Amino acid sequence: MIISFPNMGPNWVAFKTLFTSLGLDVIIPDPTNREAIKIGVKYSPEFVCFPFKATIGDFVNAIEKGADTLIMAIDCGPCRFGFYASVQERILKDMGYKDITVIPLDQADLLDFKWVKTLQEVSGRKDLFMYTKFVKAVIFFIKKAKLLNDIQTAEGIFRAYERNQGDTTDLIKNLLNKLDQTNTLPELKKFKSVIKQDFSNLDTDKTRNPLRVGVSGEIHISLEPYVNLDIRRKLGEMNIEVHQSLSLYDWVVHKFHLNYHRKWLEHLSRPYVPMDIGGECQWVLGEYIDKAQAGFDGFVHQYPFLCMPEVTARTIITNKLKGIYDLPIIYFSFDEQSGLAGFRTRLEAFSDLMYGRRNKEIENNAKFIANGNKKIYPHYGDLFYNECVQLIQNSV
Ligand code: SF4
């Protein structure tokens, strides 16, 4: 049995450790690319959402590399996500890959522990010895997911200050390889200091006062850089701080009912959407309000073309929240037709708009004038975010 799973940005590091810790062979698909998207588009129903097509492309690539067992997360709905695994298995079999199996990994509520059964099924063992392996696999998975979350946080801040464009991107590639090769608990415990050390070695210009932008949206689009045209990197290289709390870790902790940040976002969005309607709708609304209250300069909402929950979020923001909170927002709907030219122009126009708004606020607000005309914000962010800010301030 050779396991694989679809791409979701750097999160292959955490999924790989989950399965290799169970003693299984793993094949990582090539990073999502034009060829994978072409295959996904060709064999998927035309009106299915874009992540379905992209993940079919990744699966075909993994099968061609030798994988025979494909793991696909599923949810209980209420959108199309609940059907991905079973429909994808049929499509792949119809394409001629008769011997493959798509195993659904149920993540609707991780406290019902259905995922333990899935891991038993995948590993083919239920004995007591195997349980110790399960525990180790889950601990390593969660630890690596948390470290990936920290890398994402640091990336969003440091890139806006880097003097040599591309340094942060190279550093992250290097860090991901190091994290992939870190496979003992004591080393994992120390890895956060490796992240901080590597980022503190970056050549940064601390005199900058970058715009701050919140980024949120559907999870696959938000985490996979190929399908979102690497939006976080583009924003960072325009000297904009990117704040994205959505990550694999954020999602897993939420599914264990331990994510208090998400509970706060649910509280903020409750007057507009009182329940989970799929995708990230509820949390996107909460993020928009949260970032507006924290004094951000703008907000990016990204989602797949034809994604019902995210289009609902967009409509509520446009028709209701924008009038109340007045935080500039730009929407990106991605699919296989998305291209770089118009995308870059829109981002540049959005940046100009945010600078204009900030300058006007500074002119009109005595608080900013007293602060040397720098825009100031209330205290914001988790411990690691504030540690990163401190590292930049202490740089020479
Ligand atoms: S969240 Fe959107 S893109 Fe994802 S399965 Fe649901 S409808 Fe499709």
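1. The centres of domain 1 and domain 2, taken over C-alpha atoms, are 29 Å apart. Domain 1 covers 2–126 and domain 2 covers 206–394; these bounds come from an automatic or database domain assignment.

2. A quick word on what you're looking at. This is a predicted model, where local features need pLDDT of at least 70 and side-chain atom pairs count only at pLDDT 80 or more, while totals for chains, interfaces and linings use all residues. Residues are numbered from 1 along each chain as its sequence is written, and side-chain values use heavy atoms, with hydrogens and water left out.

3. Domain 1 brings 30 residues to the contact and domain 2 brings 26, with contact meaning heavy atoms within 4.5 Å. Together they bury about 2200 Å², 67% of it on carbon and sulfur atoms. Buried area here is the accessible area (1.4 Å probe) that two parts lose on being put together, summed over both. Which three residues of domain 1 supply more of its buried area than any other three? They are Met8, Phe50 and Leu110, with 25% of what domain 1 buries against domain 2.

4. Lysine 53 forms a salt bridge with glutamate 336, and their closest N and O atoms are 3.6 Å apart.

5. Which helices does domain 1 use here? α1 (12–20), α2 (34–43) and α3 (50–64) each supply at least two residues of the side that touches domain 2. The largest share, 5 residues, comes from α3. Helices (H or I, at least four residues) and strands (E, at least two) are DSSP runs, numbered from the N terminus.

6. Next, find the open sheet with 4 strands in the order β2-β1-β3-β4, paired in parallel. Strands pair if DSSP finds at least two bridges between them. The edge strands β2 (25–26) and β4 (101–106) each pair on one side only. Strands β1 (residues 2–4) and β3 (residues 69–74) are joined by 2 bridges, and serine 4 has leucine 70 as its bridge partner in β3. Here α3 packs on the sheet, touching β1 and β3, with its direction at about 160° to that of β3. Axes are lines fitted to C-alpha atoms, for helices over the stretch in contact, and angles run from 0 to 180 degrees between N-to-C directions.

7. Another open sheet has 4 strands in the order β6-β5-β7-β8, again with parallel pairing. β6 (240–243) and β8 (329–334) stand at the edges with a single partner strand each, so one side of each has no neighbour in the sheet. Strands β5 (residues 211–217) and β7 (residues 298–304) share 5 bridges.

8. Glutamate 387 forms a salt bridge with lysine 196, the closest N and O atoms being 3.3 Å apart. Glutamate 387 is in helix α17 (residues 383–394) and lysine 196 in helix α8 (residues 185–200), so the pair ties together parts 191 residues apart in sequence.

How values were computed. A salt bridge is a side-chain nitrogen of Lys or Arg within 4 Å of a carboxyl oxygen of Asp or Glu.
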